[in-house]
Structures are given as C-alpha cells and as structure tokens.
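Here is a short briefing to read alongside the coordinates. It goes topic by topic.

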Amino acid sequence: MKNLIIVESPAKARTISNFLGKEYKVVASKGHIRDLPKSSFGITVEEDGTFVPKYSIPRDVNPTVKELKKLAKEAEEVFIATDEDREGEAIGYHIAMAIKKEPESLPRIVFHEITKTAIQHALDNPRKIDMDSVNAQQARRLLDRIVGYKLSPLLASKIQKGLSAGRVQSSSLKIVVDREREIKAFKPEEYWTIDGLFEKDIDSAIYEFDGLKIDKLTIKNEKMAMEIVQSATKENFVVESLEKKERKSKTPPPFMTSTLQQSASTQLGFSPKKTMMVAQKLYEGVKTDKGNMGVITYMRTDSLNLAKEAVSSAREHIESNFGKEYLPEKAKFYASKSKGAQEAHEAIRPTMVEFTPLVAKDYLNADEFKLYRLIYNRFLACQMTEARLESQTLLFKGEKSTFKASGRKLLFDGFYRVVGYNEKDKLLPELKKGQKVILDDIKPEQHFTEPPPRYNEASLIKKLESLGIGRPSTYAPTITILQTRKYIEIEKKRIHPTEVAFTVIEMLEEHFSEIVDSAFTSNMESELDEVDEGKLDWQKVLSDFYEPFMKKITDGKKNIQSKKMAIPTGEMCPKCDSELLRRKGRYGEFIACSNFPKCKYTTDLEGNAPPEPEKTDIMCDKCGSHMVIKDSRRGKFLACSSYPKCKNAQPLVPPRELDIPCPKCGSKILEKEGKRGKFFGCADYPKCRFISNGEPQKEKCPECGDMVVHKVLKTGEVYECISKKCKYKERVPADKLKGTPKVDEQTKD
C-alpha cells in the first residue's frame with residue numbers, strides 16, 4: 001500500500017495531497033486524539049512520587065483512530081507530520097501510541113510552510129519524535145490539570161459555583177485586576193499648557209520661563225499659567241536658533257505570533273482569536289495562481305529568524321520593483337527579545353514573494369486578504385532601507401519666555417513605501433537667527449492627568465509577552481477563557497474585570513500567591529524550556545510544584561473563610577417566602593430573593609427597594625401590555641412590562657427617519673443606536689437587512705449612480721459610495737462637516 005502521512009488538519013491534508021504522487025496517502029487526526037479524561041483527575045501519583053497520566057481516547061474520536069489503525073497496518077511506512085512545536089510533537093506522540101506504534105520508530109517530518117518544495121525536503125530529511133518536547137508538553141498539561149482540578153473546586157466552595165483557576169489564566173487575570181485597581185486609586189493632577197502662535201502661523205509651545213525648563217507637569221495651576229501669559233504678551237521675541245537634524249526610522253522586524261496579533265488588532269480590528277483562525281487558513285492552504293498551497297509560514301512562533309532563501313527572494317523583489325535605493329547593502333537579520341523564544345524556528349512570512357497582495361486579491365476572501373497583505377508588507381519592509389526624516393526645531397526667545405516650534409519632513413520613504421506613511425510634512429519657514437518675530441496669539445489651557453488606560457486585547461498580549469507569561473499558542477485562548485468564565489468583559493475594545501474577578505484574585509493573592517505571581521509563572525515557563533532542551537527532568541518539575549501546592553489546598557479547605565457571592569441572611573422574602581441572600585453585583589452588595597428569576601425581589605443593604613420602572617401609556621405592539629421606561633448602559637429605553645415573557649424593547653425617542661428610500665426595498669431608512677454607536681438601517685428589518693455606518697445622502701454617486709453615505713472617520717469626514725465595486729470617495733466640504741473624527745481606543749496604548 002501507499003506510504004501514510006498523518007497531519008492534524010483536514011485542510012492541511014488536502015493541501016499536501018496536491019503536492020505528492022499516488023505513492024502517498026495523507027490523512028488528518030483532526031487535532032488531539034488522546035488526552036486526560038474530562039470527568040476525572042486523570043493523574044496517578046505513585047509511591048515513589050512519579051506522575052502517571054491516564055490518557056484516554058474520547059468517544060467522538062474513536063472512528064478516526066480506527067481508520068488510522070487500519071491505514072497504518074496497510075502502509076509501507078507511516079510518517080508523522082504534525083506542527084513543529086511542543087503541541088505538534090505531543091500530538092504526533094499520541095497518534096503513535098493510539099495506532100499501537102513505538103513513537104520513536106516512526107519517521108517524523110517537519111516543515112514551516114506548506115509548499116511542494118518544503119514537503120519534499122521534509123520527506124527527504126525525516127527525524128524521530130523529540131521526546132524532550134513531548135515531556136515538556138506533558139509537564140505543562142499535567143501542571144494545568146493539577147491547578148485546575150485542585151484549586152477550582154476550592155474557589156467554587158469558598159466564592160461561587162462555576163469558577164476556575166489556571167497557571168496562565170490566573171496570573172493574566174491579576175494583571176487586568178491590578179490595572180483596574182490603579183485606575184480606581186488614581187488621583188488626577190492639574191496642569192496647564194501654553195501654546196503660542198507666531199507670525200506666519202507658526203504653532204509653538206512654552207519651552208522655558210525665567211530660566212526654568214517647562215515639562216508636562218511644570219505649570220501646576222492657573223496662577224502660574226497666567227503669570228507666564230501676562231509676561232509673554234509684553235515681551236519682544238527674536239529667533240534664537242533653527243536646528244535641522246536628520247534621523248532614521250528603523251525597519252520593523254518580521255511578525256511573530258504576539259506582534260501579528262497586536263498589529264492585526266490595531267490596524268484591522270481583528271481579535272487575537274480571529275487573527276489566529278485566519279492565519280491558520282493561510283498556513284494550511286488557500287487558492288493561489290499556482291494551485292492550492294500555504295501562503296504563509298507557521299503562525300505560532302516567537303522567533304524572528306528568516307530562511308536565507310526567503311531573504312534572497314525578498315531582496316531580488318525589492319530591487320526589481322522599487323529600485324536599488326530601497327535595498328540595503330546587506331541582508332537584515334533580527335533576534336527575538338521574548339523570554340525563552342523557542343516555539344518554532346522562523347518568523348511569520350509569505351511563502352512566495354511573487355504572490356503579491358495585488359495577485360492575492362483575486363484569490364483570497366476579504367479577511368484573508370487583509371491579514372496576508374499585513375504579513376507580506378511587513379516581511380518586505382523588514383528587508384528594505386530605513387526611512388530618513390528631517391526634524392526641525394525653532395526657538396523664539398523673549399526677555400523671560402522661550403517658545404519652541406517643531407517641524408518634520410520626510411526625506412526618503414524607505415520601508416514606508418510598502419507599509420505606508422500617514423503623517424504629513426510640517427515644515428517651518430526659513431528664518432534667520434536674531435530675526436524679530438511677533439507673538440500673534442497665546443492660549444493657556446487647563447488639563448488633568450488621566451489614569452492608565454485599561455488593557456485591550458493587543459496591549460494585554462504585549463504585557464504577557466514582556467513578562468514571559470504563556471507562549472504563542474496560549475495568548476488568544478487565555479483571553480477567550482477569561483471571557484467564557486465571566487472574569488472579564490470587553491466593552492468598546494477595552495478589558496474590564498468583573499466583580500467576581502476581584503474576589504478571586506484577592507483570595508489567590510492571600511493564599512496562593514505563586515499562582516498569580518507573574519515571576520513564578522514566567523520561571524515555570526523557563527523550566528519547561530529546560531525540559532524541552534533535555535536539561536531538566538519533567539517529573540522533578542511536577543514534584544517540586546505538587547507537594548507544596550497540595551499542602552496549601554488542604555490548609556485552604558480548613559482555614560480560608562468563605563467569600564461567597566451569595567450569603568444567606570436568615571430572612572424570608574416578603575413576596576414568595578423564599579430565603580433572602582446577600583449578593584455581590586457589579587455596583588456593590590444587595591439583597592435578593594433566592595427564588596430568582598421566578599421572584600425578582602431585591603433591596604439594598606438598608607432594605608430600600610429599587611424604584612419601580614416608570615409606566616407609560618404606550619402599549620406593547622407584541623402582547624398589548626404597558627411599556628415601561630428602563631435604564632441601561634446606553635441610556636433609557638422602553639421595555640415591555642411583561643418581561644421576561646415578552647422581550648419587546650424600543651428606543652425611548654423614536655428613531656429619526658431619513659427622507660431617502662432604502663436602496664434595496666424602497667422602505668424608510670432610520671437612524672438607529674447599537675453597541676458600536678449610531679448606524680442607519682432599513683425600517684423593514686428583518687425582511688430587509690440594509691445597513692450603513694454612514695448617513696445616506698440624497699445625491700447619487702457621480703461615478704456609478706449608487707447611494708453615497710457621509711462617514712465620520714479617524715482621518716476626517718468623507719463622502720463614500722456604498723458599492724464595493726466603486727471606489728468613489730471625497731472629503732466633505734467644511735460647511736457640511738457633522739462632527740469630530742472618531743478616536744480608535746486601541747491606538748491609545
């Protein structure tokens with residue numbers, strides 16, 4: 001029979017099959033086929049202190065295992081071709097055990113990209129399964145099981161049901177909670193800025209006053225600000241100096257997992273989970289002009305290495321498409337700064353330089369194209385010349401005050417040619433030293449310092465990476481599990497810890513400090529790296545952690561006081577005679593009926609019931625009950641008084657109707673309010689699903705005759721055609737501007 005190649009994913013199997021002849025059959029294990037059982041601890045601790053995992057094959061995987069066993073018996077040779085990281089190595093090991101083969105007897109092939117050349121090279125150079133990597137993964141899996149199965153029940157018994165804890169999960173949550181504590185404890189400081197406008201419309205800021213250099217917080221009150229203003233308005237100013245300095249903007253390194261997730265979040269609005277899903281497709285195989293193949297290298301990596309062949313291809317492409325001035329004399333190589341970088345051996349890059357974004361646009365879907373273009377342009381940029389800029393500094397000196405004006409000019413775009421450069425040149429006029437200048441205007445402005453911003457997904461990943469918490473494969477799942485467990489909520493792209501998160505972290509800080517200690521978690525990752533390198537025994541890592549941890553668990557069961565979110569009060573509900581409970585909510589403690597949601601009786605701790613919703617004369621158009629006014633995070637709204645039987649809800653103020661028909665069905669268009677702000681949609685929803693984040697205009701598109709919408713963007717306000725085929729876009733005239741540009745909160749970090 002044919003030789004058998006076993007990979008994890010069906011998509012990967014299909015792509016590899018396209019490259020190989022009839023002598024190979026490629027099949028997928030569809031991920032892990034053996035794991036610790038879900039219903040029990042699954043680890044036996046022997047008398048000699050050895051940890052023995054009890055792996056089992058889940059029922060839904062049995063058909064796959066039977067098929068693999070059958071094919072393995074018939075095959076001349078079985079190749080393990082799982083991903084080249086610890087997880088992939090472990091999957092390969094478990095596949096071998098499941099099909100009753102000695103793991104080290106099976107040839108193991110590895111590749112960083114799914115192309116014909118890479119697959120053939122891997123088949124020509126097989127190796128054995130790396131048991132050190134397998135043991136490092138087993139140690140991680142068992143450590144996580146020990147923490148999860150022993151600590152989670154303790155949290156559930158002392159706080160509330162359904163809680164969980166984990167090595168990476170809990171230390172990540174502490175970072176979020178600590179930031180929230182900083183925000184709550186923050187006390188704003190007053191400070192003032194003073195801007196001056198000199199002749200020829202030169203914007204400047206106060207730089208020095210009476211021999212004192214002015215920093216951000218130097219001017220602390222209005223009295224000091226007014227003293228400077230009054231002095232400056234009477235002074236005579238001359239040009240003290242005009243300096244011009246050339247500086248270089250360094251080329252960015254290629255992407256690794258963390259930086260790709262951060263850039264995709266800030267530039268594309270992708271969550272880390274979505275980024276990894278799209279990247280997985282690009283790696284496993286998509287349609288190209290040369291058939292189905294992987295168009296990027298392996299996307300779970302913390303390495304910045306690049307294959308010499310890839311660098312050579314990039315340099316040839318740069319020289320032929322952009323010119324010699326964009327090509328540095330020598331190829332550029334980068335070293336990873338992340339702690340213990342070792343998950344894979346190459347950065348994320350395109351597999352074919354000739355598969356440019358221009359070509360890719362005809363083969364990839366919208367999300368795939370956006371992410372591929374980001375990866376492709378970053379790879380080219382890392383091998384291009386640095387950009388050169390000229391910074392300009394102009395000092396205007398008076399008797400007491402000195403003002404500073406700054407300018408800049410792009411001299412040579414370098415790598416910005418592919419990644420883009422959005423800043424406009426801000427040139428200062430040519431003035432001579434000693435030349436008199438007039439201060440046309442001066443503007444003092446009061447400010448207050450702001451607390452540190454809450455993390456978004458990108459900045460949290462950056463923090464985890466800097467502390468050495470987790471590895472490339474764990475960043476996105478960690479954030480997902482914190483959301484799933486209701487420890488965090490993401491509002492307007494910012495991460496907010498829930499009330500229960502504070503309670504959990506407080507308990508862990510007091511009784512299990514190592515679990516939430518970033519240094520301890522990082523050190524554990526270093527020990528796992530040493531296991532992977534064959535320098536440390538994985539059983540010793542487990543033993544060193546297990547014994548002191550279990551002692552704390554035993555002590556905790558006896559000594560940790562209950563911090564349950566729902567504590568019986570001993571009093572009965574006046575409405576249904578069920579017991580009343582003292583609960584904790586997002587806005588503090590309150591008393592509620594234990595028979596919720598059948599009984600919704602609640603009071604504050606003083607026994608004051610919340611005000612009843614205001615009744616209106618408006619009748620529910622679904623069930624005929626009265627509508628009441630309720631409050632939410634986005635303001636007041638109308639809701640049916642029969643809730644939860646009837647869940648009808650409407651805006652308190654009727655939506656504004658536009659005097660423009662829906663382009664799809666001809667009905668009215670309404671201005672609506674959603675989670676992400678205002679939008680415009682058809683009044684005949686859900687029959688018609690027309691929607692726009694820009695306000696439709698009466699004027700038709702001058703290029704295709706379709707509808708034009710008015711959008712308020714970060715960069716300003718524009719008119720834009722709604723047709724995807726039409727590229728009409730122009731700036732809104734000054735007399736028709738509607739508001740200030742939106743600020744993308746993700747860019748504030």
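Ile-296 touches residues well away from its own stretch of sequence in this predicted model. Beyond four places in sequence, its contacts include Leu-282, Tyr-372 and Ile-375. The points below take up the cores, then the strands, then the cysteines.

**Contacts and nonpolar cores**
- The contacts of Ile-296, neighbours within four places set aside, also take in Ala-279, Tyr-283 and Ile-348.
- Arg-349, Pro-350 and Thr-351 are in contact with Ile-296 too.
- The largest nonpolar core holds 68 residues.
- Ile-296 is among the residues with the most contacts inside that core, along with Ile-5, Phe-111, Leu-282, Leu-371 and Tyr-372.
- Helix H12, residues 366-381, is the top contributor to this core, giving 9 residues.

**The open sheet S30 to S33**
- Four strands make an open sheet, ordered S30-S31-S32-S33, with antiparallel pairing.
- S30 (695-700) and S33 (729-731) are the edge strands; each has a single partner, so one side of each lacks a neighbour in the sheet.
- From one strand to the next, the twist averages 30°.
- S30 is joined by 3 bridges to S31, residues 707-713, and the two run antiparallel.
- Within this pair, Glu-695 faces His-710 of S31.

**Strands S27 to S29**
- S27 (residues 668-674) and S28 (residues 677-682) are antiparallel and share 6 bridges.
- Here Glu-673 sits opposite Lys-678 of S28.
- S28 also pairs with S29 (residues 691-692), again in the antiparallel sense, over 2 bridges.
- In that pairing, Gly-681 is opposite Ile-691 of S29.

**Cysteines**
- How many disulfides does the count come to? It comes to 0.
- The cut-off for a disulfide is a pair of cysteine sulfur atoms within 2.5 Å.
- For Cys-576, the closest cysteine sulfur belongs to Cys-593 at 3.4 Å, which is too far for a bond.
- Cys-576 is partly exposed, at 30% relative accessible area.
- For Cys-726, the closest cysteine sulfur is that of Cys-701, and 3.7 Å is likewise too far for a bond.
- Is Cys-726 buried or exposed? Cys-726 is buried, with a relative accessible area of 13%.

Note on methods: Residues are numbered from 1 along each chain as its sequence is written. This is a predicted model: local features need pLDDT of at least 70, side-chain atom pairs count only at pLDDT 80 or more; totals for chains, interfaces and linings use all residues. Side-chain values use heavy atoms; hydrogens and water are left out. Two strands pair if DSSP finds at least two bridges between them. Axes are lines fitted to C-alpha atoms, for helices over the stretch in contact, and angles run from 0 to 180 degrees between N-to-C directions. Buried means under 20% relative accessible area, exposed over 50%, partly exposed in between (1.4 Å probe, protein chains only). A nonpolar core is a set of buried Ala, Val, Leu, Ile, Met, Phe, Trp, Tyr and Cys residues joined through side-chain atoms within 4.5 Å. Contact means heavy atoms within 4.5 Å.
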